[in-house]
Amino acid sequence: MKALDFLPLINADYSGGIIIYDWYSTNNNSDDQIKISVRFLNNELRNDSVEVSAFKKTCKMNEKCSTAKLDSKFSNEVKEQIITSARILKIEESKKEKK
């Protein structure tokens with residue numbers, strides 16, 4: 001999935017339509033990490049066809065960590081990127097088939 005290529009993949013269950021990415025942090029702030037899972041509910045390219053869950057883990061110096069679900073705004077932005085990427089791929093595929 002192009003929109004999330006930078007995330008390390010943990011598991012992809014294509015028959016169940018779920019992709020789970022591992023915890024990821026940028027080099028700038030290794031105390032904060034994000035984890036995303038994507039669930040495809042059907043094959044249509046619509047907002048209600050994709051469900052994104054995103055979590056943020058924050059660890060302090062003494063190794064105590066807290067995890068919280070990120071707000072729906074972040075998840076919706078990721079979902080839009082996924083749908084946009086899928087639409088672009090579908091258009092490119094259609095162009096190739098016409099040749």
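**Close-up 1. Three salt bridges turn up in this predicted model.** A salt bridge here is a side-chain nitrogen of Lys or Arg within 4 Å of a carboxyl oxygen of Asp or Glu. In general, side chains of opposite charge can pair when their charged atoms come close. The model is predicted, so to speak of local features takes pLDDT of at least 70 and side-chain atom pairs count only at pLDDT 80 or more, while totals for chains, interfaces and linings use all residues. Residues are numbered from 1 along each chain as its sequence is written, and side-chain values use heavy atoms, with hydrogens and water left out.

**Close-up 2. Lys 56 meets Asp 32 in a salt bridge.** Their closest N and O atoms are 3.9 Å apart. Lys 56 sits in strand E4 and Asp 32 in strand E3, so the pair ties together parts that are 24 residues apart in sequence. (Strands, E, at least two residues, and helices, H or I, at least four, are DSSP runs numbered from the N terminus.) Lys 56 is partly exposed at 33% relative accessible area, and Asp 32 is partly exposed too, at 22%. Buried means under 20% relative accessible area, exposed over 50%, and partly exposed in between, with a 1.4 Å probe and protein chains only.

**Close-up 3. Arg 46 has salt bridges to Glu 44 and Asp 48.** The N to O distance is 2.6 Å for Glu 44 and 2.9 Å for Asp 48. These shared partners join Glu 44, Arg 46 and Asp 48 into one network.

**Close-up 4. Five strands make an open sheet in the order E1-E2-E3-E4-E5, with antiparallel pairing.** Strands E1 (9–13) and E5 (65–69) stand at the edges with a single partner strand each, so one side of each is left without a neighbour in the sheet. Two strands pair if DSSP finds at least two bridges between them; E3 and E4 are joined by 9.

**Close-up 5. The largest nonpolar core has 14 residues.** Such a core is a set of buried Ala, Val, Leu, Ile, Met, Phe, Trp, Tyr and Cys residues joined through side-chain atoms within 4.5 Å. Strands E2 (18–21), E3 (32–40) and E4 (50–59) and helix H1 (72–98) each supply at least two of its residues. Leu 4 is one of those with the most contacts inside the core. Leaving aside residues up to four places away in sequence, Leu 4 touches Tyr 21, Ile 36, Val 38, Val 78 and Ile 82, a contact being heavy atoms within 4.5 Å.
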